[in-house]
Amino acid sequence: LSSISLFCWTDSLICLSWILSDPFRRDLFVRNRVFEIQALKSRWSYVCSSENPADIPSRGAKSLDRTWWVGPVG
């Protein structure tokens, strides 16, 4: 069997801390979402908002640059 690694990025330090922490420390709504995210067995990292390729269109870019396709440089 082959295994697929899932790497995820967020520009929210708050959400990242929730995802990496014990879900039982959160209220029911957040706890349920954190359980779902943790069940994916993905690796989560932080990217600052200015380097987040998902935000490129909201920053007024005329076309998507290379970062959109390859991700943040880290």
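Q: Leaving aside neighbours within four places in sequence, which residues is threonine 10 in contact with?
A: This is a predicted model. In it, threonine 10 is in contact with Cys15, Leu16, Trp44, Ser45, Tyr46 and Val47, once neighbours within four places in sequence are left aside.

Q: Where does threonine 10 lie?
A: Threonine 10 lies in strand S1, which covers residues 7-10.

Q: Why does threonine 10 count as buried?
A: Buried means under 20% relative accessible area. Threonine 10 has 12% relative accessibility, so it counts as buried.

Q: What lies 3.1 Å from a polar atom of the side chain of threonine 10?
A: Look at serine 12. Its backbone nitrogen lies 3.1 Å from that side-chain polar atom.

Q: How many helices and strands are in the protein?
A: Count 3 helices and 2 strands. Along the sequence they follow the pattern β-α-α-β-α.

Q: How is the span of helix H2 read?
A: Compare the span with the expected one, which is 1.5 Å times one less than the number of residues. Helix H2 has 12 residues, 28-39. From first C-alpha to last it reaches 16 Å, close to the 16 Å expected.

Q: What about the whole protein?
A: Start with burial. Of its 74 residues, 20% count as buried. Next, the surface. The protein exposes about 6000 Å², and carbon and sulfur atoms supply 58% of that area. Last, the contacts. Take those with a separation of 6 or more: residues 24 or more positions apart account for 45% of them.

Methods: Residues are numbered from 1 along each chain as its sequence is written. This is a predicted model: local features need pLDDT of at least 70, side-chain atom pairs count only at pLDDT 80 or more; totals for chains, interfaces and linings use all residues. Side-chain values use heavy atoms; hydrogens and water are left out. Helices (H or I, at least four residues) and strands (E, at least two) are DSSP runs, numbered from the N terminus. Buried means under 20% relative accessible area, exposed over 50%, partly exposed in between (1.4 Å probe, protein chains only). Contact means heavy atoms within 4.5 Å. Accessible areas come from the Shrake-Rupley method with a 1.4 Å probe; for residues, only the protein chains shown count as cover. A polar contact is a pair of N or O atoms within 3.5 Å; within protein, one must be able to donate a hydrogen and the other to accept it, and residues adjacent in sequence count only if both atoms are side-chain atoms.
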